[in-house]
Every structure is written in C-alpha cells, then in structure tokens.
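Subject: Structure for your review

Dear colleague,

Please find below the structure that I am handing over to you. My findings follow it, and I would be grateful if you read them with the structure open.

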Amino acid sequence: MNASSSSPGDDRGRTSRRGSSPRRRGRTRWLLITPLVGLTIIIAGVVVLEAAAPLVDVTGRSVVDDLPSLILEDSPTCTRQSDDTTAEDIRGRFVPGGRVSSGQIFRCPAALDGMEVSYAGEVVGDILERSGGAWVQVNDDTYALEVGPLVGHRAQNGFNTGLTVWLPDGMHERIGGVGRPAQRGDVILVKGTLLRTDPEDGGGLTIRADEMEIIADTLTIENPLHVPQLIAAIVLALLATGAMIWSRIVARRL
Amino acid sequence: MVLRPGADDVRLIAFYLGKVLLGLGLVMLAPLGIALLAQEWNAATAFTIGASLCLIVGAVSDARFATRRPLTWAHGMVIVALAWLIGAIFAAIPMYLSGRFSDPLSAMFEAMSGLTTTGMSVIHDLDHTPISDDFYRHLLQFAGGQGIVIVVLSLFAAGGSRVATLYVSEARDERILPNFIRTARFIFAVAGTFLVLGTTALFFALLSASFSAPRAIYHAINLFFASFDTGGFSVMQASMIYYHSFAVEVVVMLLMIAGTLSFGLHFALWRGRPRDVFRHLETRTLAVTSTIFFTAICYGLLRSGTYDRFEPLVRKGLFTLVSAVSSTGHQVNVGETYLTDWGVLAPAAIVGAMAIGGMASSTAGGIKAVRVGVAFKTLLHDVKKILLPESALVVTTYHAGKRRILRDNTSRAATTVLLLFVVTYLVGAMVGLLYGDFDISQTLFESVSVGSNIGISIGVVSPDMPRGLMAVYVGQMWLGRLEYVAVFALLGYLFSLARGQAKAA
C-alpha cells in the first residue's frame, strides 16, 4: 500500500498522518539534494584545478634520436597451439639482429625465441646486481623514447611497457642513471638473445645482452609548482581545521 | 507496505558516512607526510586538498547530525554500501589531481580498485610516479582490506551493538570474539603483527636481491600492503617480474596465503588450535579446488609447450594460482602472454580459481570457498535424499569453527550469492563483447578478475579502455566486495524513499 491508495476524500486521515508530512518530506529532500549538489561542486572544482596545472615545454627534449627502425612494421598476434603458422611467418620475416619492440614480442613470444635481436629503451627503477651481471627493467614505451616522464605535460600514453634485460659485468656499471619520478633514466640499445623462458630467471622472458650502447643520457624534468592548487590546499586546510574545532565544540555541548 | 525513510533516518546515515570520511581524511595524512619528506610539493597539495575535503564533510556531519539513535539493519546496509561508493569518490581526489588519470572516472576506478583490494590499475606512466602517490595507492588497499567502515568506527569508539550491523553489512559475517569492537581490534592486531613480520621478511628478501636499503623499505611496505591485503597493486608496471627473486616470491606467496585465511582461522592459530584450520570446510574446499586447478594449469602449460622444465612450470604456475585463489592479482607474466603464450587450459583454470576466490571474512574476494563448499554439500545432501528410503532422515554436517548442521537457509544463502556472482561475471563479459575489440576469452577472464576483486589482467583493462566498460567494472568491484546484499539494500532504500509510505508522525 502506498500513500496514493488512501481514500481521496479522507481529508482528516490525510491531515493526521500527513500533518507534518510535506514539511518532513521537504527536510528529507533537502538532506538528499544538498550532498549531491556538494559532491557535484567538489568534483567540478577538482576537474578545474587539475586542468589549471602548469605545463612546461618539453617539445623535442625527450625524443631519442638515432634509433634503428623496427624490423617488423606491424605487431601480429599469435595464440600458442592454434596459430603456429603466424609464429613461423613472423620468424621468417624477421632479420636476425634487427630491432624489436616489447609489444611485438608479447603478442607472439614464441616467434623470436632464441633469436638475436636489438632492443632499445629506458632503464627504470633499480639495477639488480647478481653474480656475473645485473637484471634491469628496460621500457620502450613513449615515456621512454618520445615524450619523457609524465611530468609537466599531458601526453598520457597509457601503461609502461618493457622487457627484462640481463647485462653482464662490465656493461651495467656504465649506466649513469635510472628512471625515477620526474627523471628519465639512460636509454640503452642492446643486442642479444631473446629467451622466452630464461632458466636463470625462473622461466621469465628476457634478453641476454651481448652488446650495449647508451644512446641518451639521464634526463631530469622539472616539476613546476601548481600555485592555484597550493592556494586551494591552504584555504581548504584552514577550513578543515575550523570545521574540526567547531565539531568538537558542538560535541562538548551535546 | 513500504515505509518511506524520514529525515531522521537520512541524518543518521549522513552521520556515520561522515565518520567514514573522517577516517579516510586521516588515511590521506600518511602519504601527505611522505610527500613532504620527499619534497613532492604538488602531490603534497593534492593530498592536503583530499584530506581537507574529507575532514570538512566529516566534521560538518559530526556537528550537524550527531545522534544516539541505534542503527537498524537497513541503516547498516545502506551506510556500508554508500561508504564504499562515496569513499571511492573522495579517495579519487588526490589521484585525479596527480595528473596521471585520463578523467575522473579513471581516478575513481583506481580508488575503487584500491579500496576493494582488486588491484586493477589504469594509471599512466606508473614507473615514474611520485613515491607518495604510489604509497597512497597501496595504503588504500590496506584500509579497504581491513574493512574501512569497521576500522573507522572501532577507532571512533561507536558502541559495539551499533557496529554489529555495519560489521556484517561489510561482508564480514564471522564474529570471532563476543564483542564486535574486540573482534575489530583483533583484526587490527593480526594485521599489525603481519605488518611487522611481513615487511621485515620482505625487506631482507629485497636486500638479498640487491635493492638498496631505502628502496628495499619502500618496496617492502608497498608489497606488504598489496600482498597481505590481497590487493595486487604493484610499485612497478612489471609487477612481480621486476624482482627476479625467488625469495621475494616465496614471502609474497606466504603473505597472500595469510591474507586469504579468514580471521576466524587466524584466531584459531593464534590460540594454538591448528586442528580447527584443517577441519574447516573452507580449508578443505580450497585444498581440493586448488589441487584440481594446479593440476590443470601444469597440464595445460605442458601440453601447450609453454614450459618444458620443472622449475618454471611450478614457479610460474603455483605463484599465479596462489595469486588467483587469494584474489591478490600479482603477476609473474605480462598479462598479454596469458592469451598468446599460455595455451587455453591454463588460463581457463586461472579463471576458475579466480571465480572461487579465498575464504569468507578475510581480505580475499570471489564467491568464497565456504559458499562453494556449502553448495557442494547441498548437492551431496540432495543426492543422498534421493537414494535413501523416503523415511530416512538425512542430516549433513560441516565444520566451520564448530560442527554445524547444513540447513536449508544456509544452502539457499550460499547458492543465491554464488549465482549472483556468476551472473555478474557473465554480464561483465557480455558488456565487454559489445565493444567489439575483445573476444570472449579476454572479456570473461577480465570480468571474473574484476568481479572477484582479483586484479590479474589479460589486457582488457587499460587507461584507454571503453568508458562504459570501465563504469561496469567499477560497479562489479563494488558489488563483489560487498557481496551484493548491502547494495541491494541500498537500492531498496532508494526505492522506499521514492515510493514508500510516510511513517506515522
């Protein structure tokens, strides 16, 4: 049964049951609408603030020149067991020692297993030294080779992608810097053997480098202070402090 | 007759939601401190804004809506359902201000993924992310994994009877100690103990893997949050591949297993009663299903020729299985290679393991082993009833803390939620197919992973994914974490607000 099912002529019942109902309903409505409006204002404010972030001109600074072209122009996908012909086809088209991207390898890992390849990318994170060499993570995404770390610009180009590279002793010591926040690490070009299941890495997909060349040095990107965001933070922090004090005072009175 | 909630009900809900936002504001102060130490000024201002907004809303609701009215079950359900939704919106504020998300929906996806310990990520350029932003993503998993509502309310000392409704509404239906506040504090104690032990073990494992001490601490803390809370976010885009360390993988696996144990079983171990763990229906269900799935994964990988040696087969296969069953989502393979290099059977077994998930009343997601176990027992019970004479009294029992008789309402509840999970998996997969960019193996894998709050990705989830599908996945994470009931209660509450009859004055 709902409110509209009561008799239309039952004014007395309506008054007694709903005597304060319109007012109470109004209060309920106000309590529901106010947070929605507040939330909308907050989201809009945050969007405006983010859009006002200062940008720095990074045009050309992060582009890595002198990269050899990729041997395969496309990135054919194969599925193990069902697309053996695709893997063979890719293997046939590939020139040993030619440059590949991590994306091309992931789309058909079986195709280039055991072949000599060239691979270029930025060393990120840490250099993990082990007996006889070091593991490094080498990313070949656009942040590494084209636009630089996502700082001070809006070239949001998706996930990082890269491969594990084993650098023997004598090579990894030459790396001057690694990718960290607001810093692009050294960009290296390695030539080595691609192993789909490297026994030294518990079956991981790796490149075991025989040669390494540093083709771009570490690059630090300045991160300009977002002044409007700083002002908003100070104002809101003051308001939050005031609100917290007010709520404590009210709580003590209750 | 449906009664329309009044202003007092709305005030009560607003009061408790304010408390949750107060707690979230306090959570944001930790990465703020790290941002200041690391001199990441823009991140520091972003966290100040996020924390301030949470504290303002929380303080205003505290001052305006303070009440001593008791919570009903309906209130509890609505508060919890809204808390996870509104919490994700507010948690997304510093994320969006970091400039690493395409739009507010992406930031909310990341925040919901963190809070629900799903671990799917849509962040751009993770490998150059400021350390405070990265720490915040992982800390959200800790807050969400411990159950942010119960954490906040036990901290703010609401009465035990009030918290009881919220505790159950947050899909934590196992009361370990007689008092809910004491139960919540026991959960804290477990998490605190594992925080110290797990972080220390990871620190030494990372040192042995050639990490410098500061980097080892940073990775150890984040890895702990992501592993024990079965979250699955990673510091580097390469996830577990990055570490090249068997020792790190072993510690992470142990933490994932600890995270997937129910807090009731942690309590049994705490009290020196390991027998209770082995007799428990959930332990047995997980042991049986995991053995079946592990066999299938190994057979699948061998048959497809992915690995032909023992070490990679076991190391990759077992880690991925534990990651799936525990609903963590750490990966030892690039997601795309599950499609291109793992054949068909192994990924299918991973989907099965992800669908079942871990134990109830733990940080794990999925259908939960107890429901699968009860559904199986129900099936056996029905078969027995058919085979025995009609006059025979068939009684089926199972062990869950103590020996219990399988009753119709238990069976119905378990199978209903099981069915709802399956329907949600299928809906997510179908919506993914509508976009035409993925095939069914991809959309089903990803839908199960998202709906079970797992986080292993085959490549559908990305910063550029269709926004409609992203919104559906946000809903799936929310539904999966709350196990439907609280969300349905919220929908019912909204319906009664619109169509219900006014309460008598």
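How many of the twelve residues of H19(B) are buried? The model is a predicted one, and in it ten of the twelve are buried, so H19(B) is largely enclosed by the rest of the structure. The buried residues include B:Leu444, B:Phe445, B:Val448 and B:Ser449. Among the elements that cover them are H15, H16, helix H18 (408–434) and helix H20 (467–482) of chain B.

The length of H19(B) may also be checked. At 1.5 Å a residue, its twelve residues should span 16 Å, and this agrees with the end C-alpha atoms, which are 16 Å apart. After H19(B) comes B:Asn453, with a positive phi near 60°.

I then considered one neighbour in more detail. The axis of helix H16 (residues 345–356) of chain B comes within 9 Å of the axis of helix H19 (residues 440–451) of chain B, and the two cross at roughly 25°. Because of this angle, H16(B) is roughly parallel to H19(B). The crossing is left-handed. On the H16(B) side, B:Pro347, B:Val351, B:Met354 and B:Ala355 meet B:Leu444, B:Phe445, B:Val448 and B:Ser449 of H19(B). This contact has seven nonpolar residues, one polar residue and no charged residues.

Finally, the two chains touch: 72 residues of chain B are in contact with 78 residues of chain A. On the chain B side, H2(B) supplies the largest share, 14 residues. That side divides into 38 nonpolar, 20 polar and 14 charged residues.

Yours sincerely

Methods. Residues numbered from 1 in each chain as written. Chains lettered and ligands numbered in written order. Predicted model: local features only at pLDDT ≥ 70, side-chain atom pairs only at ≥ 80, totals over all residues. Axes fitted to C-alpha atoms, helices over the stretch in contact; angles between N-to-C directions. Helix = DSSP H or I, 4+ residues; strand = E, 2+ residues; numbered from the N terminus. Parallel < 35°, antiparallel > 145°, perpendicular 65-115°, else oblique. Left-handed = near helix turned anticlockwise from the far one by under 90°. Contact = placed C-beta atoms within 7 Å. Nonpolar A, V, L, I, M, F, W, Y, C, P; charged D, E, K, R; others polar. Expected span 1.5 Å × (residues − 1). Buried ≥ 20, exposed ≤ 12 C-beta atoms within 10 Å, placed from the backbone.
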